[in-house]
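Me: I would like a close look at one part of this protein, followed by its setting in the whole. Please take the residue I ask about below as the starting point.

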Amino acid sequence: MENKYLAQILPFLNEIEEERRKQFEEYFRTAPMWLMDTFVVEELEKGTIFVQEGEPADTIFLIGKGLIKATDYRIYGINYDFTVFDKVYAFGGMEVIINLDKYQTTLQTVTKCTVLKIPKEGFKKWLDSDIIALQQESRLMGEYLLEQARDSRMLLFLQGADRVAFLLMKRYRKYAENGVMKMKGDRQELSDFTGLCVKTISRSIKKFKESGLITTQGSYILINYEQYCRMEKMISEILAETL
């Protein structure tokens, strides 16, 4: 009954890929009707900052369609984009679980997005009364924090072009289709995600292209499975030497 009701109040579920739809259905499998009646769906344009670090955490967000990124502005005032999210997470859920009144990071849309908004108090009431929902949210939060900690440790031992290669590897794992990953070769975006200057990014892309680790097509970067394997081997050898 709840799944049918969920599809009624979230019509975008009929427009997204099956895996993402199943994630939504699983996430709200035990959600009560009163909580779903508080849902608000909003369309956000590309480049919209919808969560600002330090502001009151009064709303929970889940991304129905599109991609968002997390940005940290506390590092010497430099914007450092440390991850792109493509799974179903409750943004603001961590603040609820560890009882924080303010958002701990800034979230911005990378593409046009369909966003589900839930009032914090209703979300908290659900978690407080539903052990299955609480366990699920805790697991997802733990998985995310573990991934971030692992990536941060690896980046400590990677410099320059190797950092760029590490980022391209992660993008391949997430976004490759039929063995090929195609992404916009935006130097500034790559700079924001690696913490490297644009000049270093450009040198790295040129180096990878000359060595056959990537292929370019206009303003796009393409990586096939063989190139990905070579890149992964290169990074694994570097980390094995330093860890």
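Leaving aside its neighbours within four places in sequence, which residues is Glu189 in contact with?

Reply: Once neighbours within four places in sequence are set aside, Glu189 is in contact with Arg171, Met183 and Lys184, where contact means heavy atoms within 4.5 Å. This is a predicted model, in which local features need pLDDT of at least 70 and side-chain atom pairs count only at pLDDT 80 or more, while totals for chains, interfaces and linings use all residues. Residues are numbered from 1 along each chain as its sequence is written, and side-chain values use heavy atoms, with hydrogens and water left out.

Glu189 has its place in helix α8, which covers residues 187-194; helices (H or I, at least four residues) and strands (E, at least two) are DSSP runs, numbered from the N terminus. Because its relative accessibility is 19%, Glu189 counts as buried, a class that means under 20% relative accessible area, with exposed meaning over 50% and partly exposed lying in between (1.4 Å probe, protein chains only). Ile201 is 12 residues from Glu189 along the chain, and the C-alpha atoms of the two are separated by 9.8 Å.

Between Glu95 and Ile118, which are 23 residues apart along the chain, the C-alpha separation is 14 Å.

Asn99, in the loop between α4 (93-97) and β6 (106-109), has a phi near 60 degrees, a positive value in a residue other than glycine, and with 60% relative accessibility Asn99 counts as exposed. Asn178 lies in the loop between α7 (160-175) and β8 (180-184); although Asn178 is not a glycine, its phi is positive, at about 55 degrees, and its relative accessible area of 84% makes it exposed.

As for the whole, the secondary structure of the protein comes to 10 helices and 10 strands, and buried residues make up 43% of the 243 residues. The radius of gyration, taken over C-alpha atoms, is compared with a globule rule of 2.2 Å times the number of residues to the power 0.38; for 243 residues a compact globule would have a value near 18 Å, and the 20 Å of the protein agrees with this. Along the principal axes, the C-alpha atoms fill a box of roughly 60 × 40 × 35 Å. Of the contacts with a separation of 6 or more, 73% are accounted for by residues 24 or more positions apart.

Confidence should be read alongside these descriptions. The protein averages a pLDDT (the predictor's confidence in each residue, from 0 to 100) of 86, and 91% of the residues score at least 70.
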